[in-house]
Amino acid sequence: MVPRIGLVLAAVAALAGCATEDRPEGEVFRPEYLGVETRLLADDLVNLLVTMGGARDLQDVVDYAECAAAQYALIRGYGFARQVRTNVVEEGGLWRGDAVYTVSPTLPKGLRTIDAEVAVEDCRAKGIQTV
């Protein structure tokens, strides 16, 4: 019989192996934030088109769009944003995100709410550009 600690260690080792399969060890993340285009759809609704190179996966593009939305909310004098949807495509190493966010002065209803000030500070700490 295998001791429980042995099973736990084996499980952790197996999961650790899975985490690196998609990204080779030693791969350096060098994102290129190539711009944000904003389109006001309504007083409280904005469409953000982001472009980046060097993304590791679609989450990097989603993070870039979220940072742009948070900064946009602050620029408009609002404290909050909420993600409505984000579509991401990659072609030839260039990633594009098409995101829609609501912006508001008070915490909106929904699960994907963003405190704009906190998000912008987090983006700066991570080196992600904003608007």
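## Packing of helices α2 and α3

Helix α2 (residues 58-75) packs against α3 at an angle of about 130 degrees, and their axes lie 8 Å apart. Axes are lines fitted to C-alpha atoms, for helices over the stretch in contact, with angles from 0 to 180 degrees between N-to-C directions. The two helices are therefore oblique (under 35 degrees is roughly parallel, over 145 roughly antiparallel, 65 to 115 roughly perpendicular, and the rest oblique). Helices (H or I, at least four residues) and strands (E, at least two) are DSSP runs numbered from the N terminus.

Cys67, Ala70, Gln71, Ala73 and Leu74 of α2 meet Ala116, Glu117, Ala119, Val120, Cys123 and Arg124 of α3, where contact means heavy atoms within 4.5 Å. These residues comprise 8 nonpolar, 1 polar and 2 charged (nonpolar: Ala, Val, Leu, Ile, Met, Phe, Trp, Tyr, Cys and Pro; charged: Asp, Glu, Lys and Arg; polar: the others, Gly among them).

## Basis of the model

The model is predicted: local features need pLDDT of at least 70 and side-chain atom pairs pLDDT 80 or more, while totals for chains, interfaces and linings use all residues. Residues are numbered from 1 along each chain as its sequence is written, and side-chain values use heavy atoms, leaving out hydrogens and water.

## The sheet

Five strands form an open sheet with antiparallel pairing in the order β1-β2-β4-β3-β5; strands pair if DSSP finds at least two bridges between them. At the edges, β1 (32-42) and β5 (113-115) each pair on one side only. β1 pairs with β2 (residues 45-53) over 9 bridges.

Helix α3 (residues 116-126) packs on this sheet, touching β3 (80-91) and β5, and its direction makes about 75 degrees with that of β5.
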